[in-house]
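Trainee: I have just been handed this one and would like to walk through it with you. Could you put it up on the screen?
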Amino acid sequence: MGSQLENGGISYVVASYVITWVVLGVMLVRLLGAARRAKAEYDQAAKGEFRT
Amino acid sequence: MSPATPSQFGPPKPAPVWLGWGAFLFFLFTQVYAVATSPADAMMGHLQKMMYVHVPAAWVTFAAFGVVLVASLHFLWKEDERADLLAASAAEVGSLFCGLTLVLGMLWGRPTWGVWWSWDARLTSTLVLFLIFVGYLSLRSFVEDPHRRGQWSAAVGILGAINVPIVWMSVRWWRTLHQIQSNPRGLSPEYLRGLLLNLAAFTLLTIWFIWRRYEAARYERAAEHAAQAAALGDNNG
Amino acid sequence: MTSKRTKWGALAAVGVLAVAFAWLIYGGLDSNVVYFLTPKELLAKGTEGYDKPVRLGGQVKPGSVVWDEQKLDLRFAVTDGTGEIAVQSKGAPPQMFKDGQGVVVEGRYGRDGVFKSTSLMVKHSNEYKAPTKGERPSEMYKSLMKSTGT
C-alpha cells in the first residue's frame, strides 16, 4: 500500500527543475534586453534634447 | 539649468552582462551539483531534491521584499526617486520568486503531503504576500504622477514586507501542515552542502536581477525627464 | 518639496496602517482558526465534536493500519499520546503514509466513534536523512535517468 507514485514521484522533481530553469533563464534574457532597450531610448531622448 | 543632465541623477551604474551570465551558470552548476550529490532521502526518496529549488526561491523572495522595505522607507524619508525605482525593481523580482515558490511548493506538496494545497497558515500567508505584491505592481501601473506613485507604492510595499516575518514565523505560531524550518543539524551534510550552494546561487542571481531591472528603470525615468526637459525647452523657445 | 511635518505624518500613517493591517489579518487567526485539532481536543468537545467538518491531526498509531486493497478502504488510528481516534479513509494513502507518521485528516467525526476522512494529508518532519546503508549518488543518478526516459 502507500506508494502509488511511479518512480517515487520523480516527474514532480523534473517538472520543478524545468519550471525553475525556464523561469530564471527567461528572466535573465528579458532583463538583458530591457536594460539595453531602456538605455537606447534614453540616448535617443537625450539626443533629441540637444537638437532643440 | 544644464540640458546635458536630463536626469537629475545621471546614468545609473550598469549591471554587467558577464555578471548575469556568470550568476546563471553558477546557478546551473549548483543545481546539477546538488542533484548529483544527494542520495535519496530515507523518507522522501528523490522528492527531497525539491529542496534545492523551493527553499532558495522562498529565501530570495524574503530577501527581495526586505529590499523593498528598506528602499520604501528610504523613499518616504528622503524623497529620493531612485529609492522608489529600486523598491519597484525588488518588488518585481520578489513577486516572480514568490510565485515560483508557491508553484514549486504545490509540486512538492502533491507527492509528499498528498494534496496540492491546503489552507494552513504558512500557505495562506504566503499567498497573501504574493497577492499584496501583485497589487503593488498593478498600483504602479495605474498611478501616473511619479511622486504620488512613489508614496502610495512605498506604503503598500511596507505593508507587504511586514508579512515576511509573519510568513517566516507562521509555522511556529500556528499549527500548520507545512513543517517548521529545517536546521543544519536536522540535515544530512550532503543535503546541507547542496542547499547552501543553491542559496548562494539564487542570491547572486537575485542581486543581478534587481540591479539590472533597476538599471532599466533608471534609464526609463531619465528618458522621461529628458523628454520633459525637451518639451519645456520647446515651449520656452 | 514636502515639508518635514508631512513627512512625519506620512510615516506615522503608514505605521498605524501597518499595525492595523497585521492585527486585522493575523490577530484573529490565533484564536479562531486552528488548522487542526488533536484527538485529545476533539474528544474533549464531547457531543459538540460530532458531525462537523473538522481537521484532525496527530500520529498514525503504530500497528493500527488496515488497508483493504479490494475496497480501497483504509483504517487506522490517530493518536497524540493521550487521546486516540479511529479513522476511516477511502483510496490509497500518499506514498509517505506509514506507522508513526504525522498526518492531518479532513472529515467528520461520526457518532459511531469513527472519523470519516475525505482528505488524508501526510505531515512531514523537518529532518532529512540519507538512509544509513546509503544509496550511492551514482546509482541514484542512474535511476533518475532511467525514470525520465533518457
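Predicted model: local features only at pLDDT ≥ 70, side-chain atom pairs only at ≥ 80, totals over all residues.

Trainee: Okay, and in which sense do E5(C) and E6(C) pair?

Mentor: Strand E5, residues 102-109 of chain C, pairs with E6(C) in the antiparallel sense, and the pairing runs over 8 bridges. E5(C) and E6(C) form a hairpin with 4 residues between them, and in that turn C:Gly113 has a positive phi of about 85 degrees.

Trainee: What about E4(C), which strand does it pair with?

Mentor: Strand E4, residues 84-90 of chain C, pairs with strand E6, residues 114-123 of that chain, in the parallel sense over 4 bridges. In E6(C), the residue that C:Ala86 stands opposite is C:Val114.

Trainee: How is the pLDDT in chain C?

Mentor: The mean pLDDT of chain C is 79, and 71% of its residues reach 70 or more. Over residues 134-141 of chain C the pLDDT is below 50, and beyond near neighbours in sequence that stretch has 12 contacts in the model. Residues 143-150 of chain C are also below 50, with 7 contacts in the model beyond near neighbours in sequence.

Trainee: And which scores does the model get?

Mentor: The model scores ipTM 0.89 and pTM 0.86.

Trainee: Switching to chain B, how many helices and strands are there?

Mentor: Chain B comes to 6 helices and 0 strands, and read along the sequence its pattern is α-α-α-α-α-α. Its C-alpha trace spans about 75 × 40 × 25 Å along the principal axes, and of the 237 residues in chain B, buried ones make up 55%. Among contacts in chain B between residues at least 6 apart in sequence, 80% join residues at least 24 apart.

Trainee: Take H1(B), then. Which of its residues are buried?

Mentor: The buried residues of H1(B) are B:Gly20, B:Ala23, B:Phe24, B:Phe27, B:Thr30, B:Gln31, B:Ala34 and B:Val35. They lie on the same side of H1(B), because they cover an arc of only 125 degrees around the axis.

Trainee: So what sits on the face turned away from that buried side?

Mentor: That face of H1(B) carries the exposed residues B:Trp18, B:Leu25 and B:Phe29.

Trainee: How far does H1(B) reach from its first C-alpha to its last?

Mentor: H1(B) has 21 residues and reaches 30 Å, close to the 30 Å expected at 1.5 Å a residue. For helix H4 of chain B, residues 121-142, the reach is 31 Å over 22 residues, close to the 32 Å expected at 1.5 Å a residue.

Trainee: Last topic: how many residues does the contact take from chain A and from chain B?

Mentor: The contact takes 29 residues from chain A and 38 residues from chain B. On the side of chain B that touches chain A, helix H1 (17-37), helix H3 (81-112) and helix H6 (189-236) of chain B each supply at least two residues. H6(B) gives the most to that side, with 16 residues.

Trainee: And how do the residues on that side of chain B divide into nonpolar, polar and charged?

Mentor: The residues of the side of chain B that touches chain A divide into 25 nonpolar, 6 polar and 7 charged.

How values were computed: Residues numbered from 1 in each chain as written. Chains lettered and ligands numbered in written order. Contact = placed C-beta atoms within 7 Å. Nonpolar A, V, L, I, M, F, W, Y, C, P; charged D, E, K, R; others polar. Expected span 1.5 Å × (residues − 1). Buried ≥ 20, exposed ≤ 12 C-beta atoms within 10 Å, placed from the backbone. Arc of directions from axis to C-beta. Pairing = 2+ DSSP bridges. pLDDT = per-residue confidence, 0-100.
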